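Please open the structure in the viewer and follow the stops below in order.

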Amino acid sequence: MTLSANPNQAAAPLPGPGEASALEKRVRNALTQRHHAGSAPILLMAHLVLGYPSLDENRRVIDAMVANGVDLIELQIPFSEPIADGPVIAMANQAALDRGFRVAEGLGFLGEVVRQHPIPFLLMTYFNILHAHGVEAFIRETKVLGGDGLIVPDLPLEEAGPARTLCQDVGVDWIQLMTPTTPEARLAAIGAAARGFCYCVARKGVTGRQTEFDNTIDGFLDRCRSVTGVPLALGFGVKSAKDVQNLVGKADIAVVGTAAMEVHRTGGVFAVGRFFADLRT
């Protein structure tokens, strides 16, 4: 694979200690623009599985997402044992692998969409993918291709030190995950290490199950907010405009994955665009 640098990011200076990263600045700028436009001060982050059902279809879906107000996109590199994902996303992972998807193909796709769309793109996958590709090579290629961050849910803070250091050295944010069952001391450690934004998991279990947006979520987000100054994203179960509205003033980013994939499966690309447009109504 030939790496083609993103000229907008390659020359950007790395943040110093305590300084907001490039991704955090992009998130905060987008929130400010929403505020000035009179929109609800919350961003939408979409999730899609690369190669499902094809990269051509991924391109059309991303076009529709961006045209209808999606602010960030996480691109999942398929893995055979996606332990954090429910049946809809797990099925998409397996289907992409059955089709012959390769990691190099996904990295090339990242470089392509970064050049085409002026929003942050993150890669999401599992640690075996990084290990097999070479952790340092994977992180450096992510940066060169213009990726803003990495989400690796099966590598806990205690084991992610070398990877996090590499990310900080090259200017890619290693996105930390917080869960409702995380003890206070560990939550504080995760919050202190966070860069870009924190991904707050709304409940126990895998993606795609029902989440009740009640006071439990509010209390969890309060706990997360108390231990970090970076923006908060909340995912796992966000599927409607009501869910998004419930997060306004509590989270900075609503993450929508399974619900959008189900809409795409049943209604196609146009339905995905309409779905995201409706999330803001």
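Select Phe 275 and Phe 276 to begin: both residues are buried in this predicted model. Their rings form an aromatic pair of the edge-to-face kind, with 5.3 Å from centre to centre and 75° between the planes. An edge-to-face label applies here because planes over 60 degrees apart are counted in that way. The structure holds three aromatic pairs by this rule.

Next, select Tyr 199 and Phe 236. Here, too, the pair is edge-to-face, with the centres 6.4 Å apart and 85° between the planes. Where in the chain do the two residues of this pair lie? Tyr 199 belongs to strand 7 (residues 198–201), whereas Phe 236 sits in the loop between strand 8 (232–235) and helix 11 (241–247). Tyr 199 and Phe 236 are both buried.

Helix 4 passes helix 12 in a left-handed crossing. Which residues make the contact? On helix 4, select Val 88, Ile 89 and Ala 92; on helix 12, select Thr 258, Met 261 and Glu 262. Of the residues in this contact, four are nonpolar, one is polar and one is charged.

Key
Residues are numbered from 1 along each chain as its sequence is written. This is a predicted model: local features need pLDDT of at least 70, side-chain atom pairs count only at pLDDT 80 or more; totals for chains, interfaces and linings use all residues. Side-chain values use heavy atoms; hydrogens and water are left out. A crossing is left-handed if the near helix is turned anticlockwise from the far one by less than a right angle, and right-handed if clockwise. Helices (H or I, at least four residues) and strands (E, at least two) are DSSP runs, numbered from the N terminus. Contact means heavy atoms within 4.5 Å. Ala, Val, Leu, Ile, Met, Phe, Trp, Tyr, Cys and Pro count as nonpolar, Asp, Glu, Lys and Arg as charged, and the others, Gly among them, as polar. Rings of Phe, Tyr and Trp (its six-membered ring) pair if their centres lie within 6.5 Å; planes under 30 degrees apart count as stacked, over 60 as edge-to-face and the rest as tilted. Buried means under 20% relative accessible area, exposed over 50%, partly exposed in between (1.4 Å probe, protein chains only).
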